[in-house]
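Here's a quick briefing on this model, grouped by topic. Have a look at the structure first, then dig into the points below.

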Amino acid sequence: APAGSNETSLDLDINGSQSRTMLNALSIRFFLLGGVMAMTLTTATAADGGSPAEKLVNSPRTLVIAHRGYSEIAPENTLPSFKLAKKAGADLVELDYYHSKDGKLVVMHDGTLDRTTDATSRWGGSKIKLDSKTLAELKELDAGKWFDPQFAGTKVPTLEEALDLIQDGNMTLIERKEGDAATCVKMLQARGLVNKLVVQSF
């Protein structure tokens with residue numbers, strides 16, 4: 001985008017086929033309430049405006065986004081948190097993902113496992129990087145007990161597991177943390193989810 005412009009563009013080139021999504025954000029307003037993030041977006045008319053994601057993003061009303069799920073009452077970025085966010089009526093359920101050592105898309109906010117799993121007590125050490133472990137190893141972890149004992153045994157979800165839950169009646173806001181974007185885009189294409197959810201990266 002030109003210097004000084006409010007326009008943000010994202011170019012994706014997958015198998016030689018390029019798609020371009022452009023959003024001209026005139027105003028964005030955020031506020032936090034009870035662990036749920038509400039966002040008002042006033043946008044220019046999208047090129048098509050007809051897809052489910054475009055219709056929701058271009059809605060004139062305030063959108064309620066469940067930040068990492070309903071993270072006020074359940075462990076963030078887990079299936080219980082996403083399920084509760086849907087039940088609460090959030091417009092979008094936000095989550096974050098990284099790539100595991102073996103290239104799988106894994107839902108987690110931090111690049112390290114210490115804060116939201118039992119990795120340090122299970123394996124020892126500290127600042128254990130998510131991308132140093134395979135998906136099978138990550139599935140050994142408890143991602144719920146740190147938040148509340150009632151969530152003990154909660155597993156670290158894959159992005160696909162999260163989408164299966166959220167997209168069944170709701171819409172996902174995916175935040176890509178790092179790693180190649182093509183893996184995520186190919187998965188969304190294979191599942192027929194392009195323009196049925198929102199992806200951001202910054």
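The largest cavity holds about 60 Å³ of space, and a search of the whole structure finds one cavity of 30 Å³ or more. This is a predicted model, so local features need pLDDT of at least 70 and side-chain atom pairs count only at pLDDT 80 or more, while totals for chains, interfaces and linings use all residues. Residues are numbered from 1 along each chain as its sequence is written, and side-chain values use heavy atoms, with hydrogens and water left out.

**The cavity**

- A cavity here is a set of points, on a 1 Å grid over the protein atoms alone, where a 1.4 Å probe fits but cannot get out; lining residues have an atom within 4 Å of a point.
- Grid points are joined across faces, edges and corners, and the volume is the space filled by probe spheres set on the points.
- The lining of the largest cavity is made up of Glu76, Asn77, Thr78, Val107, Met108, His109, Thr116, Ala143, Val156 and Pro157.
- Sorted by class, that lining has five nonpolar, four polar and one charged residues (Ala, Val, Leu, Ile, Met, Phe, Trp, Tyr, Cys and Pro count as nonpolar, Asp, Glu, Lys and Arg as charged, and the others, Gly among them, as polar).

**Rings and a charge**

- Searching the whole structure turns up two aromatic pairs (rings of Phe, Tyr and Trp, the last by its six-membered ring, with centres within 6.5 Å; planes under 30 degrees apart are stacked, over 60 edge-to-face, the rest tilted).
- Trp146 and Phe147 make an edge-to-face pair, 5.6 Å centre to centre with 80° between the planes.
- Phe147 and Phe151 have ring centres 6.0 Å apart and planes at 65°, so this pair is edge-to-face too.
- Put together, the ring pairs link Trp146, Phe147 and Phe151 into a cluster.

**Two loop residues**

- Asn195 is in the loop between α6 (181–190) and β8 (198–200), and is partly exposed with a relative accessible area of 41%.
- The C-alpha atoms of Asn195 and Ser51 are separated by 5.8 Å, though the two residues are 144 apart along the chain.
- Leaving out residues up to four places away in sequence, Asn195 touches Ser51, Pro52 and Ala53 (contact means heavy atoms within 4.5 Å).
- Thr158 lies in the loop between α4 (135–138) and α5 (159–166) and counts as buried, at 10% relative accessibility.
- With residues up to four places away in sequence not counted, Thr158 touches Leu105, Val106, Val107, Leu135 and Lys139.

**The whole chain**

- The protein has six helices and eight strands (DSSP runs numbered from the N terminus: helices are H or I, at least four residues, and strands are E, at least two).
- Along the sequence, the pattern goes β-β-β-α-β-α-β-β-α-α-α-β-α-β.
- Of the protein's 202 residues, 40% count as buried.
- Among contacts between residues at least 6 apart in sequence, 56% join residues at least 24 apart.

Technical notes:
On a 1 Å grid over the protein atoms alone, a cavity is a set of points where a 1.4 Å probe fits but cannot get out, and a pocket is an open set with protein on both sides within 12 Å along at least five of seven lines; lining residues have an atom within 4 Å of a point. Buried means under 20% relative accessible area, exposed over 50%, partly exposed in between (1.4 Å probe, protein chains only).
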